[in-house]
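Have the sequence and coordinates open as you read.

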Amino acid sequence: MPSYQNILSNRYTLARSWTLEVAERAGAYQQARKALTSMTPDQIKAEVKAANIRGRGGAGFPAGMKWGFLAPKKEGQEVYLVINADEGEPGTFKDRTIMEKDPHRLIEGCIIAMYAIGAHKCWIYVRCELVLSIARLEAAIREAHARGFLGARPFGKEHALDIHVHPGAGAYICGEETSLLNSLEGKRGEPRLKPPFPAVKGAFGMPTIVNNVETISAVPDVVAMGGEAWSNISLLPPEMKDGGTRLYGISGHVKRPGVYEAPVGITMRELIYDFGGGMLHPDRKLKGVIPGGSSTPVLREQDKVEAKDPKHPLNKWHGKSHLDLPMAVDTYRGIGTMLGTCCAIVMDTSVSMVEASRNLMKFYAHESCGQCTPCREGTGWLANVLDQIAAGKGKPSDVDLLVDISNNMMGNTICALADGTAMPMLAFVRKFRKEFLEAAEKGLPQSARLDEAIRSQLVRREAA
Amino acid sequence: MAFTLSAEHEKIVDELIARYPTKQAACIPVLHLCQRQVGWVSPEVIDYVATRLGMAASEVMGVVTFYTMYAQHPPGKHTVWVCRTLSCELMGAKTIQEHLEHRLGCHAGQTSADGNFTLKKAECLAACGYGPMVQIDDQFYENLTVEKLDALLDRIARGETPTQEETAWYPNAAAATTSGS
Ligand SMILES: Cc1cc2nc3c(=O)[nH]c(=O)nc-3n(C[C@H](O)[C@H](O)[C@H](O)COP(=O)(O)O)c2cc1C
Ligand code: SF4
Ligand code: FES
């Protein structure tokens, strides 16, 4: 396994790492103290900007820039910080590790961020299924209060700080930031039209910064090292403005699935073969990998980076396999996929791509909030057509139908769920067209169930 | 009969309301609290929440029906959620569900005849690297095999609550934590 330095996750392996006593002995809250007692909000914002933190929630928006969009506070207005801990994107299981193993890092990040943006209140929106995360965060908040790190005068500073956990109630769409705000306000979690963006009109009508758990958890290290030094941990050149270290997840057909920390810019090959330990089954090769949560288009090893023009930002990697391109927000955009949440789903040659896409399209059909016709109808149709194909009731024209439906969903909706459904569907069909056509003609063999390859082990594993 | 919360829980409701600029914002956590007391969100719970938070009953109903974690019918003693999304599916979620259906004698969405377990299909529960997995009541059970699952269900039926650490391999095992460990 490669040895990059653990920074964000450096307290994960300590016994009882989630308690204040252990976390503080290992350095927690030193940066909050430093920030509140010796830095101005503008200084902190400048460091966060220099750190080039691309949002870890999926969209990859620069956190420093987002904080800069915050509407200036008017008389009688509040500014809020809202942490997105909804973690619902299939394949994604990284934020949970922070909340379970180092909740104080997130709380410390919230303290610094609230002070920097002028907020006095923060809500951490956690999906309610994550019972342990919620319990550990609530305990951490109580501990921080008791020590005077939160409350009326944190670290002696006249800047009252209050953090609360807000549970979700089971809805993937509530991870979308405006839907999350409606859910926070006690409403149905339906996304809002943008603009206005949350930074102008967010929670309870007030300017609000919504950031992912991991994004905010990086802030204490940014303050500790200085933004530029933190940014330079990234393996990418600084002009790509994608800095730091991040959590990578890997699931599916690898030997060592899990969450690993590494600098921005390692390759998918490193993630699968070095961190993930390589393919689970020695005789089965990689067929496809969904790079960053289910809404990101699938990659194959045989596809090459096309960037012949010397001025092309990816020219350095021209002709290389997609697996050998550094993983980053803009590099992945350049090959028609997305980095998303940086949590990969690995599929070996036993997997039917018709079944894999059918599984995901059923997910989206279930989770569409139903406000926009193209999304509500489109997600349902995609699932239906794939059901027909899988059941042997398809016809070759159904494959083009999948493409047509997807194209009609893109760019026509209130939120990005529709695009996040259509883009991966299009990539599945484009890259595995033959397989879809074959299934449309003949249906799927019985053995196409997705767990066929693993079934015998599930019953045997324990006996061995 | 009208729904009432225990005096202790009423105090929690006051604390929840104080966390937000509006009363309505407490709706989701208050519904959770009520569900914890009676096991589901009954029509009486909806009336209670509406009155307590100054909302229309139809608004509360709209919230309840939007989210999957509110039970609109009384469930069994325990609820088993089996994750059927892609990462878990690749690792055997379907086999796990089939085994559960066989063992409990009911399909997803139904309750076993002894009233002990309600079986439900879940979408991704943020445990993708540790599939197949189920959530039973408040605990995640990960890295399952059929045998492990049987042993868990036996214990739960006996009134035990195995902790999620028992099947999690990441809090203890070095392999799946992070590099360098
Ligand atoms: C359908 C949908 C689901 C999303 N789910 C999540 C989520 O679970 N967690 C998250 O942090 N961001 C999620 N996002 C992204 C958020 O809308 C938002 O971009 C993010 O919270 C911003 O934080 P960041 O800039 O720190 O990444 C989702 C977006 C969409 C469209
Ligand atoms: S795109 Fe889909 S999920 Fe998003 S608001 Fe429209 S219907 Fe709802
Ligand atoms: S796919 Fe099962 S927990 Fe994510």
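The second largest cavity has a volume of about 70 Å³. A cavity here is a set of points, on a 1 Å grid over the protein atoms alone, where a 1.4 Å probe fits but cannot get out, and lining residues have an atom within 4 Å of a point. Grid points are joined across faces, edges and corners, and a volume is the space filled by probe spheres set on the points. Rolling a probe the size of a water molecule over the atoms shows where empty space is left.

Before going further, some housekeeping: this is a predicted model, where local features need pLDDT of at least 70 and side-chain atom pairs count only at pLDDT 80 or more, while totals for chains, interfaces and linings use all residues. Residues are numbered from 1 along each chain as its sequence is written, chains are lettered from A and ligands numbered from 1 in the order in which they are written, and side-chain values use heavy atoms, with hydrogens and water left out.

**Cavities**

What lines that second largest cavity? The lining includes A:Gly55, A:Gly58, A:Ala59 and A:Gly60, along with A:Arg246, A:Val329, A:Arg333 and the run A:Thr337, A:Met338, A:Leu339 and A:Gly340. By class, that comes to 4 nonpolar, 5 polar and 2 charged residues. For the classes, Ala, Val, Leu, Ile, Met, Phe, Trp, Tyr, Cys and Pro count as nonpolar, Asp, Glu, Lys and Arg as charged, and the others, Gly among them, as polar.

The structure holds 3 cavities of 30 Å³ or more. The largest cavity has about 80 Å³ of space, and ligand 2 takes up that space. (A molecule sits in a cavity or pocket if more than half of its atoms lie within 2 Å of its grid points.) Of the 13 residues that line the largest cavity, A:Cys369, A:Cys372, A:Cys375, A:Cys415 and A:Leu417 lie nearest its centre. Ligand 2 itself is surrounded by 13 residues, and A:Cys369, A:Gln371, A:Cys372, A:Cys375 and A:Cys415 are the closest; a residue counts as near if one of its heavy atoms lies within 4 Å. The shell around ligand 2 has 9 nonpolar, 4 polar and no charged residues.

A pocket, unlike a cavity, is an open set of points with protein on both sides within 12 Å along at least five of seven lines. Its lining runs to 50 residues, and A:Gly57, A:Gly58, A:Ala59, A:Gly175 and A:Glu176 lie nearest the centre. Strand S4 and helix H17 (417-431) of chain A are the elements that give two or more residues to this lining, with S4(A) contributing the largest share, 5 residues. Helices (H or I, at least four residues) and strands (E, at least two) are DSSP runs, numbered from the N terminus.

Which residues come nearest to ligand 1? Of the 18 around it, they are A:Gly57, A:Asn84, A:Asn211, A:Asn212 and A:Thr215. S4 (residues 208-212) of chain A gives the most to this shell, with 3 residues. The shell divides into 4 nonpolar, 8 polar and 6 charged residues.

| Residue | Polar atom from | Distance to an oxygen atom of ligand 1 |
|---|---|---|
| A:Gly57 | backbone | 2.7 Å |
| A:Asn84 | side chain | 2.9 Å |
| A:Glu87 | backbone | 3.2 Å |

The protein covers 90% of the 620 Å² of accessible area that ligand 1 has on its own, by the Shrake-Rupley method with a 1.4 Å probe.

Most residues other than glycine have a negative phi, and most peptide bonds are trans. Against that background, a cis peptide bond joins A:Lys194 and A:Pro195, with omega about -10°; A:Pro195 sits in the loop between helix H8 (177-184) and S4 of chain A. Another cis bond links B:Gly131 and B:Pro132, with omega about -5°, and B:Pro132 is in the loop between strands S2 (117-122) and S3 (134-136) of chain B. A:Tyr29 has a positive phi, near 75°, in the loop between helices H1 (20-25) and H2 (30-38) of chain A.

As for chain B overall, it has 7 helices and 4 strands, running α-α-α-α-β-α-α-β-β-β-α from the N terminus on. Its C-alpha trace spans about 50 × 45 × 30 Å along the principal axes.

Notes:
A polar contact is a pair of N or O atoms within 3.5 Å; within protein, one must be able to donate a hydrogen and the other to accept it, and residues adjacent in sequence count only if both atoms are side-chain atoms.
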